[in-house]
2 protein chains.
Amino acid sequence: MFEAQFQTFDDADERAATAARVERLRAELARRGLTGFIVPRADRQQNEYLPASEERLGWLTGFTGSAGVAIVLPERAVIFVDGRYTLQVRDQIDGDVFEVAHLIETPPETWIETSLSAGAKLGYDPWLHTTDAAEKLAKACAAAGAALVPTEPNPIDAIWTDRPAPPLGPVTLHELRYAGEDSAAKLERVRGEIAKLKADALVISNPQSVAWAFNIRGADVPHAPLPLAFAIVPREGRPALYVDGRKLGNTVRDALEELADTREPHIFARDLAAYGGAKQSVRLDRASAADALAKIMNQAGGKAQSGADPIALMKAVKNDTEIAGARAAHARDGAAVVRFLAWFDREAPRGKLTEIDAVAALESFRRETGRLKDISFPTISGAGPNGAIVHYRVTRKTNRVIAPVELFLIDSGGQYEDGTTDITRTIAVGEPSAEARARFTRVLKGHIAIATAVFPEGTTGAQIDSFARQSLWAAGLDFDHGTGHGVGSYLSVHEGPASISKRGAVALKRGMILSNEPGYYKAGAYGIRIENLVLVIAAPPVTGAEKPLNTFETLTLAPIDRRLIELALMTPEEIRWLNAYHARVFETIGPLVDAETRAWLTAATRPCGAH
Amino acid sequence: MFEAQFQTFDDADERAATAARVERLRAELARRGLTGFIVPRADRQQNEYLPASEERLGWLTGFTGSAGVAIVLPERAVIFVDGRYTLQVRDQIDGDVFEVAHLIETPPETWIETSLSAGAKLGYDPWLHTTDAAEKLAKACAAAGAALVPTEPNPIDAIWTDRPAPPLGPVTLHELRYAGEDSAAKLERVRGEIAKLKADALVISNPQSVAWAFNIRGADVPHAPLPLAFAIVPREGRPALYVDGRKLGNTVRDALEELADTREPHIFARDLAAYGGAKQSVRLDRASAADALAKIMNQAGGKAQSGADPIALMKAVKNDTEIAGARAAHARDGAAVVRFLAWFDREAPRGKLTEIDAVAALESFRRETGRLKDISFPTISGAGPNGAIVHYRVTRKTNRVIAPVELFLIDSGGQYEDGTTDITRTIAVGEPSAEARARFTRVLKGHIAIATAVFPEGTTGAQIDSFARQSLWAAGLDFDHGTGHGVGSYLSVHEGPASISKRGAVALKRGMILSNEPGYYKAGAYGIRIENLVLVIAAPPVTGAEKPLNTFETLTLAPIDRRLIELALMTPEEIRWLNAYHARVFETIGPLVDAETRAWLTAATRPCGAH
């Protein structure tokens, strides 16, 4: 059978150990004269995926979800999680130790205002919170008559005796044939942006931006080839890259030294303080820069200018080489996905496959391309009611045998040097219900509305988000997540600054790659999502047009399950789009797969409806 | 012929006098030790339409547009206007006295930063700027090393010797049969909002909110029945209404005294200071409260809490009586508009009608209802290229004879005690071009997309705005304004807080009345807009719906010009909507008009297409 190498299915169970850990933390806090301490799920660079050494929240509480915060006081401890994790958290934490609060409805700030006593000192690690976040906490503490106290080194590190070592993943060069623009040219453009911002220097605190600017990749966190490193780019003069020297081979070091000084990470704070001492204005990324950085700058007498990371937009707009790479990666990935879908259709109806089997098979087909570097996130593989859990992660305990009649949802992606992929397919095992077909069709209509949208230059993601919902709305349905996120080029599968969502305030520019993934989730029953990646391109010219127009090219190539489509709900234009898409899937993927798979693909992509 | 009573067509020409006025202002400023002074187009309550006594900007500069700011320095003077007025301003001002700057691209803040010298003192009247606006100006002055200085009384008033007296329009009671909820009940609900805001009192500075809360109307500004008055509503105890006693007859005074203390306007500041002295927290409306109010509160030791006016949302959600009134007002107004359209179709092809004739005729038909209190804004009556000027106001100088072949755009509304109307129709005189028909049809498709939109409770105007644009976008076209604004109930034709536009962040709630008015403007050629008012209502129930759904009921009843519709561009659903709308227009308006008009209406509303 197949095997998953990039994903585990363990049921983390730290619960039994957490009561003692919390007690040790309280003793440590008392020793330091602190009333309490706040523990976010975060590292120093606000990464989405954390190295094991940064999983302080998980170690302290047992909770393994992707978002959460804990506060430990002498007599109380509380963990905040959002709606996705309200069930999971009760399963993972020790209810005698932690109360549970809702991260959105009663966020830490609200809790602090009512729960902290006057005179209390709440510690926080200024390296793990952005300045905006720290300011909110400070305000809440002040409202309670308490104080927020920067606390270094992190008290958890003092008591976490078997804490894993920080990662030392080797840094590699991201070759020009993938990057499409050499680092010197990128840094020149970055300097132009620094000048526009009237800053003296830019701190690059988002590792995605470090990787992009220096054309390097790393291996420090799961699923994204990020090097944990900081950089400072002065408006004039030589940039400095702060990275553990043990991560650098000679070739890489030599190449980097042509562009920048490479320095050990502990030098970073000292150099930053030197900018402050010289009264310089340094731009910090509001979204990823730790509060500690602003403190260092300001205390040294400089000016920390907080705002958007200018690299985020530059990185989001892919160049021709990256676009060609994305198309190649999607053909390759599509072939692996099609092999999986064909295999799944043969095996699933026998009623023996599990969700974990599906993950392992899909990863194996991707690995067999010979080019897979990692999966781009832990595969979501949910059958029936598990498919209705929006961010479901299968473990040995939750693993479900896929029944001969149910919907199966699989959301996955691959990291290839030429591109990052992300695709969701919903598959009918057995005969789907009329309701499931109707709702799948409405999700598909939303997907097609985005795929075919034509919009003037300057249009934001927020302005088109509702196109994906309109058909669901008409039936009194909706989905409680954004329609699409930005995707990196052999980088993070979630990247800013653009998105297709209510909050997508950034204009969609040609060259951006985003996901198009409307869905529908029926709790306890099934989940539906149809996700392709799309590239913003110029729309075909229109006579009389007064504005430059954009549209999307769909990059992802794999069949959409025809058995779930209610043709009576589709317009002729929608059916034409679907048939044209399936024809392109067959044309591109057909030559890349074995005969048995190709036979399956022929059937899966044959035109719908009578024309 | 017809005559317009509520609108003039004069070409204001103050230009010749402005150089001397500016010199007198400079002398007055020097006397007061000020370097310069900033003159917004605003009164003390940030009204859209100003009484003549508040037209300081027009008096000083000659400029009569609806938005603008001037700054006068010893050697320079500048006027800022937006894109709508760049041509008009050069026509109206003395170019030897004033430079012209772009209000949006180089706003006063930017100009101040680069044009004020260190040590300069720029005066501003704190009654004419909101606190947010004043803070921006102060920041810009500080960046220039200058200071922003509150200046009372306004130095223009000191030199404007023939300044008109402030208005003393009589206050009338807005009867319960129109208001639908008595003032005592409204004030009780307002107190509930004050408690939710944790404030001790609410200052009502928006006259629309004063009128709504106390069920009164006034006659102080053109086109909106607003009483210029302030109010303070304490969380507990008796409200106070600050209004010139000369505006109150005995009946009105007695009715008001049952609800509140009525006090003279000059007491307002003293009472507000008393709240401050008692260390109370008073809520001020961020959008309409003058900076002077926050200053009074804070200097007296209280806390000015700036935020949204809670009455804005209460007022926007119409009750059943107001909704019934709106339907009645729209039937009555529709009959007047239909009489106008029939008359216009008879007269226009002869090539003798002017834009002013059309305004006068339409107003006359409305007056003949016997119920018209005022027009709700100066009618926009634009033929051919004049129709392409988005906020065109016809004067004797610009007045155009309507050619036998061109498009004519007319945007108008009426104030009736039971409702405020606002309607735009675009009419083909002679045979329209294929281009005009195609573009009109795309605007109509956008109009229908809004009219038929179905969306879950909680959806904002921003989320549906693009539905109105999608069809234009597909042809490389767009319109550079919002799709819709809120409309009052015998109040301002533009009211907050909801809108259908990119910035419409407020949820559309059942009972709100908004305009639905996509358009298309071809500079130098023609303008198109199709505007109906719509009411947010519950959508018909849908089986399986998981969310409460809303949709719109179209209130406005008048034919949409069939001669401008290219049926080949319409879907069958769109044609069905149009035919059903026209059938409803005929059913409702037919019985209200004379036989000749009814014959015209029969033809104008006959079904399109073959079914």
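Buried area is the accessible area (1.4 Å probe) that two parts lose on being put together, summed over both. This is a predicted model: local features need pLDDT of at least 70, side-chain atom pairs count only at pLDDT 80 or more, and totals for chains, interfaces and linings use all residues. Residues are numbered from 1 along each chain as its sequence is written, chains are lettered from A in the order in which they are written, and side-chain values use heavy atoms, without hydrogens and water.

**Exercise 1.** State the area buried between chain A and chain B, and the share from carbon and sulfur atoms.

*Solution.* The buried area is about 2100 Å². Carbon and sulfur atoms give 57% of it. Next, take contact as heavy atoms within 4.5 Å. Chain A then brings 24 residues and chain B brings 24 residues.

**Exercise 2.** Find how many salt bridges cross the interface of chain A and chain B.

*Solution.* Look for a side-chain nitrogen of Lys or Arg within 4 Å of a carboxyl oxygen of Asp or Glu. The rule finds 2 salt bridges. One of them pairs E546(A) with R439(B), with the closest N and O atoms 3.5 Å apart.

**Exercise 3.** Describe how helix 8 and helix 9 of chain A cross.

*Solution.* Helices are DSSP runs (H or I, at least four residues), numbered from the N terminus. The axes of helix 8 (residues 183-196) and helix 9 (residues 207-214) come within 7 Å and cross at roughly 120°. Helix 8 of chain A is therefore oblique to helix 9 of chain A. Angles under 35 degrees count as roughly parallel, over 145 as roughly antiparallel, 65 to 115 as roughly perpendicular and the rest as oblique.

Notes. Axes are lines fitted to C-alpha atoms, for helices over the stretch in contact, and angles run from 0 to 180 degrees between N-to-C directions. Helices (H or I, at least four residues) and strands (E, at least two) are DSSP runs, numbered from the N terminus.
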